[in-house]
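Visitor: I am new to this structure and would be grateful for a close look at its salt bridges. Please also describe the setting in which they are found.

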Amino acid sequence: MKVCELKEKFGFAELNIEDGQREINGVYCGDLLSWVMGRAKESNAWITIMSNVNVLAVASLSDVACVILSEGVLLDDEVLKTAQSKGINVLSSPYPTYETAVMLSKA
Amino acid sequence: MVTVRYMDKLIKFEFDVDGTDFTSAGQASVNVKKHLRQLGLSPEVIRRVSIAMYEGEINMVIHAKGGKAEVNVYEDRVEIILRDTGPGIKDINLAMQEGYSTATDNVRSLGFGAGMGLPNMKRYTDNMEIESVLGEGTTIKMTVNLN
Ligand SMILES: Nc1ncnc2c1ncn2[C@@H]1O[C@H](COP(=O)(O)OP(=O)(O)O)[C@@H](O)[C@H]1O
Ligand SMILES: [Mg+2]
């Protein structure tokens, strides 16, 4: 499934979309950044409740397809600007991490 | 950042890692990633270098008040050297264990301090050497082979 389908299918809010056509090949959930760094696979959708700027560095370096902030978490203006400048796909799901992951697994 | 070319054999990148600004940590790694892409290295190699370097960079920020990062690209390998003049690592074997961390609660609340950094660095590189002297600092050299 493609990143742009997350909004269409589940109504997730698009906070920053750089490449909506990017294909998602799996899902990784986690909030400990170096754990995620070592375990998330390239082109995964990464679901987390963390929203500080370091999330963007981890997303960029581990090359995930998108970050999905769960629990309706949003980005501060400053962090959003960084997401834009780094070109990182970030969405926000109103649901908790588990429900968000389950939704994606059924897609 | 300085880029030096020696007879198209070696490309060298150097960065100062700011130990006072936690929010900008990762800049050197993101920068290196961009350059390695331009050099046309494989995505897998780039990913491994990026992850290893990022973990090292974060460690310099949270444990050693910053330092210097150097990346050398050879024909057959990428070499990452991280130098700091922080407190040093008392027991390297212990520090290498997954889950071992002396990070503060504040650092943890930002999502770091899982004790996965050094193990990740080892896992993602083909060779890693740590030299550390208590009270003087730590130098970590990592190599990722290109083929
Ligand atoms: N550059 C460094 N200077 C001093 N101590 C370090 C450095 N890098 C790592 N350490 C020590 O090794 C421990 C383990 O490092 P790491 O595996 O990256 O976990 P974390 O950074 O999450 O604590 C750290 O908690 C710290 O005590
Ligand atoms: Mg670490």
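**Salt bridges and their setting**

Guide: In this predicted model, a salt bridge joins the side chains of Arg77(B) and Asp76(B), with an N to O distance of 3.1 Å. Arg77(B) is partly exposed, because its relative accessibility of 25% falls between the limits of 20% and 50%. Asp76(B) is likewise partly exposed, at a relative accessible area of 39%. Side chains of opposite charge can pair when their charged atoms come close. Over all chains, the count comes to 10 salt bridges.

A further example in chain B is the salt bridge in which the side chains of Asp16(B) and Lys68(B) meet, at 2.5 Å from N to O. This pair links distant parts of the chain, since Asp16(B) belongs to strand β2 (residues 10–18) of chain B and Lys68(B) to strand β3 of chain B, 52 residues apart. Asp16(B) counts as exposed, with 60% relative accessibility, while Lys68(B), at 48%, counts as partly exposed.

Strand β3 of chain B, which spans residues 66–73, also holds Gly66(B). Gly66(B) has a relative accessibility of 5% and therefore counts as buried, the limit being under 20%. Leaving aside residues up to four places away in sequence, Gly66(B) touches Val17(B), Asp18(B), Gly19(B), Met60(B), Val61(B) and Asp84(B). Between Gly66(B) and Thr85(B), 19 residues apart in sequence, the C-alpha to C-alpha distance is 8.0 Å.

In chain A, Glu5(A) forms a salt bridge with Lys9(A), and their closest N and O atoms are 3.1 Å apart. Both residues lie in helix α1 (residues 5–10) of chain A, where four residues, about one turn of the helix, separate them. Lys9(A) is partly exposed, having a relative accessible area of 47%.

Among contacts in chain A with a separation of 6 or more, 46% come from residues 24 or more positions apart.

The two chains also meet each other. The count of salt bridges between chain B and chain A is one. Arg39(A) forms this bridge with Glu98(B), and the closest N and O atoms are 3.6 Å apart. Arg39(A) and Glu98(B) are linked with Arg123(B) in a network of salt bridges. Across the interface there are also seven residue pairs in polar contact.

On the side of chain B that touches chain A, the elements giving two or more residues are α1 (27–38), α2 (43–64) and α5 (117–124) of chain B. Of these, α2(B) gives the most, with six residues. By class, this side of chain B has 11 nonpolar, six polar and six charged residues. In total, 23 residues of chain B are in contact with 22 residues of chain A. The two chains bury about 1900 Å² between them, and 55% of that area is on carbon and sulfur atoms.

Note on methods: Residues numbered from 1 in each chain as written. Chains lettered and ligands numbered in written order. Predicted model: local features only at pLDDT ≥ 70, side-chain atom pairs only at ≥ 80, totals over all residues. Heavy atoms only, no water. Contact = heavy atoms within 4.5 Å. Buried area = accessible area lost by both parts, 1.4 Å probe. Salt bridge = Lys/Arg side-chain N within 4 Å of Asp/Glu carboxyl O. Polar contact = N/O pair within 3.5 Å; in protein donor to acceptor, adjacent residues only side chain to side chain. Nonpolar A, V, L, I, M, F, W, Y, C, P; charged D, E, K, R; others polar. Buried < 20%, exposed > 50% of the residue type's maximum accessible area, 1.4 Å probe, protein only.
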